[in-house]
Amino acid sequence: MTRLLSDVAEAAALLAAGELVAFPTETVYGLGADARNGRAVAAVFAAKGRPQFNPLICHVATAEAAFEEVVADERARALAARFWPGPLTLVLPRRASCRVDLLAGAGLDTLAIRVPAHPLALDLLRAVGGPVAAPSANRSGGVSPTEAAHALAELGGRIAAVLDGGRCAVGVESTVLDLSSRGAALLRPGGVPVEAIEATIGPVGRPLPLSAGEATQHLRSPGMLLSHYAPSLPVRLDATEVGPEEALLAFGQRPLPGAGAMWNLSPSADLVEAAQRLFAGLRWLDAQGRRLGLARIAAMPVPDGGLGAAINDRLSRAAAPRG
Ligand code: TXA
Ligand code: MG
């Protein structure tokens, strides 16, 4: 049985004992394991049902703690000072003394690391006193959880506990930025808009997403898989009209009329609110759609600037061909 916890000390004790605990961050709920414990890290892949060993993001309580595990250059220090705690993950070279189990980094000589901004996550990290590896707390390929109940629905029976911290404020995962070579590269758009990163360190490259086959060949960025975040119903993008057989993911003041079910990401067309409500909306429309026998989810266009880039990234992966 998976327990629902409100006590950080209990959650930390479970992690220290090598158990898996889902916990809230400001982005989405993470599936946490003590990153120093190879058996616990291996159990994360098993609980998620990940088909291959994608490297995981490690979470620590402070930038100082992060830079004990990885080598920081000037860009990393400037970004950490500006955006940590917060939804930015930096990929940097591992130190020789790095305590994170190699499996958490999928054997790479780099490590993805961040300081989350959620108060319970920070309390938990301080109580554990070491790096915690945590991918999003959903089954592989599925919709990320932004409430404790979502994490329970995804992983109940497979993990020891879920620490309840309410709804996630950001709602999409952290921005992943590769600083392990000279040119900074955006591996995943997320909670910190790339424009804000460029204002701090200058131009950032934007590699193209990979198909599943390509990603397997290029382990450098396995998280750039095309199909991801997928509800069970198919997803149609850029809807400008909608039918009664469709569940509508709307955006803005003029939701399209005539859908069989509707969730508006933000009636006031606010991208921050839309990001917050994205995964809960996909989850809700999927459940409604299945209950009502609808054919698919149709998504209205969302503007691409700022957090819109992260929203559109998740939507295009939810709509990508599967398997
Ligand atoms: O917001 C988030 O980042 C959430 C919360 C729980 O913190 N975590 C999360 O973790 O999304 P995860 O493990 O699902 O995301 C890992 C992403 C993937 O895109 C993965 O390929 C990339 O980071 N990644 C991890 N380590 C990497 C590395 N060494 N080099 C390149 N990419 C890496
Ligand atoms: Mg994920």
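This is a predicted model: local features need pLDDT of at least 70, side-chain atom pairs count only at pLDDT 80 or more; totals for chains, interfaces and linings use all residues.
Residues are numbered from 1 along each chain as its sequence is written, chains are lettered from A and ligands numbered from 1 in the order in which they are written, and side-chain values use heavy atoms, with hydrogens and water left out.

Back to that pair, then: strand β3, residues 30–34, and strand β7, residues 132–133, pair in the antiparallel sense over two bridges. Strands here are DSSP runs of E of at least two residues and helices are runs of H or I of at least four, numbered from the N terminus, and two strands pair if DSSP finds at least two bridges between them. Both strands belong to an open sheet of 10 strands with mixed pairing, in the order β1-β8-β2-β3-β7-β4-β6-β5-β9-β10. At its edges stand β1 (3–5) and β10 (185–188), each with a single partner strand, so one side of each is left without a neighbour in the sheet.

There is also an open sheet of four strands, ordered β11-β14-β12-β13, and its pairing is parallel. Its edge strands are β11 and β13 (261–264), each of which pairs on one side only. Two bridges join β11 to strand β14, residues 296–299, and Val-235 stands opposite Ile-297 in β14.

How many salt bridges does the structure hold? There are 16, where a salt bridge is a side-chain nitrogen of Lys or Arg within 4 Å of a carboxyl oxygen of Asp or Glu. In one of these, the side chains of Glu-246 and Arg-236 meet at 2.9 Å, N to O. Glu-246 lies in strand β12 (residues 246–250) and Arg-236 in strand β11 (residues 235–236), so the pair ties together parts that are 10 residues apart in sequence.

Now to the domains. The domain assignment, which is an automatic or database one, gives domain 1 as 3–216 and domain 2 as 235–319. Taken over C-alpha atoms, their centres are separated by 26 Å, and 21 residues of domain 1 are in contact (heavy atoms within 4.5 Å) with 15 residues of domain 2. The area buried between them is about 1400 Å², with 58% given by carbon and sulfur atoms; buried area is the accessible area (1.4 Å probe) that two parts lose on being put together, summed over both. In domain 1, the residues that lose the most area to domain 2 are Val-143, Val-172 and Pro-189, together 35% of what that side buries. Between the two domains the count is two salt bridges.

Finally, two details of the backbone deserve a look. Most residues other than glycine have a negative phi, and most peptide bonds are trans. Trp-84 and Pro-85, however, are joined by a cis peptide bond with omega of about -5 degrees, and Pro-85 is found in the loop between α4 (74–83) and β5 (88–93). Ala-106, in the loop between β5 and β6 (110–114), has a positive phi, near 50 degrees.
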